[in-house]
Amino acid sequence: MKKVPFIIQYAKSTLGPSAIFDGRKVLKFWQMVIVFIFLNALLLLPVSAHFANQSSFDLPEIMPGMAALGTDQFANDIKNLSLENGELTDKNTHLVEKSDTGVAGVNLTDAELRGAENVINLKANEMQLKDASGYTFEVSYPKDATLTEITSGESLVNWISAQWYLENQAFVFLSMVMMIGSIVFVSSLMLAIFTTLFIWMTKRSSFSKIASFKESLNLTLNALGIPVIAACLIGFIYFDITIIMAVQSLGMVLMIAWTFLKTRFYKTSEKNMAASR
């Protein structure tokens, strides 16, 4: 008989309460590790898709001081400037707008920048962005960038955010996926461990046929299968990592509760066999 791959056996063990209970002995420990990683990878699919399709980034969230310099007055000061092939057409333009929190301008000198904690400096080929939080970026102008869409302080900050994101998209994608991936992994690990321990404790009861920690962990992973797929699909429809994790955890609890109500962790067929002996 041809051996069935363990991932197929696992998939069959997720299809309903009886399958979840019966499949508690299917996986070996190393196979459970692979299944756990696979389930977390499924949860990260909508995360990766979301950030891969993102076209902008909320830069003011990480550089609020810099964003505060994007005033209507500064936007009005630069309205006559233009970009062509990634360069300011008038490279000799010099504008300075100082405030209590920093300095914004065009082709600012070292003396004007000295001591400023927050900076927006539009230079000939790039813009210099600095925030009191510690972030500093040099962002080149894209070849097709224009300043025509800047009509207010808000539109100026949005324009800066868009140019910054174009240059740092790969960095944002990797950092956000790694950060959220770490949160998802730790949350899933804690959920699996505590649920496994809870189920394992039922072995002390006479009604439970859960004989070991390994069986408890296998049953927990079986119960996670359908909730993880549901959370993944919901994440593609509407991305919110809190909703994704809530669907995963609540779904797993409901699947385990359903399994207990259906099997009592002691299959009816097993009860009958024990009674006939």
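The following legends describe close-up views of a predicted model. Local features need pLDDT of at least 70 and side-chain atom pairs count only at pLDDT 80 or more, whereas totals for chains, interfaces and linings use all residues. Residues are numbered from 1 along each chain as its sequence is written, and side-chain values use heavy atoms, with hydrogens and water left out.

**View A. Crossing of helices α3 and α8.** The axes of α3 (residues 29–52) and α8 (residues 153–201) come within 9 Å and cross at roughly 150°. Axes are lines fitted to C-alpha atoms, for helices over the stretch in contact, and angles run from 0 to 180 degrees between N-to-C directions. Helices (H or I, at least four residues) and strands (E, at least two) are DSSP runs, numbered from the N terminus. The two helices, α3 and α8, are therefore roughly antiparallel (an angle over 145 degrees).

**View C. The open sheet.** Five strands are arranged in the order β3-β4-β5-β6-β7, with mixed pairing; two strands pair if DSSP finds at least two bridges between them. At the edges, β3 (95–98) and β7 (136–140) each pair on one side only. Neighbouring strands of the sheet are turned by 10° against each other on average, direction ignored.

**View D. Strands β4 and β5.** The parallel strands β4 (residues 102–106) and β5 (residues 118–122) are joined by five bridges. Val103 stands opposite Val119 in β5.

How values were computed:
Angles under 35 degrees count as roughly parallel, over 145 as roughly antiparallel, 65 to 115 as roughly perpendicular and the rest as oblique.
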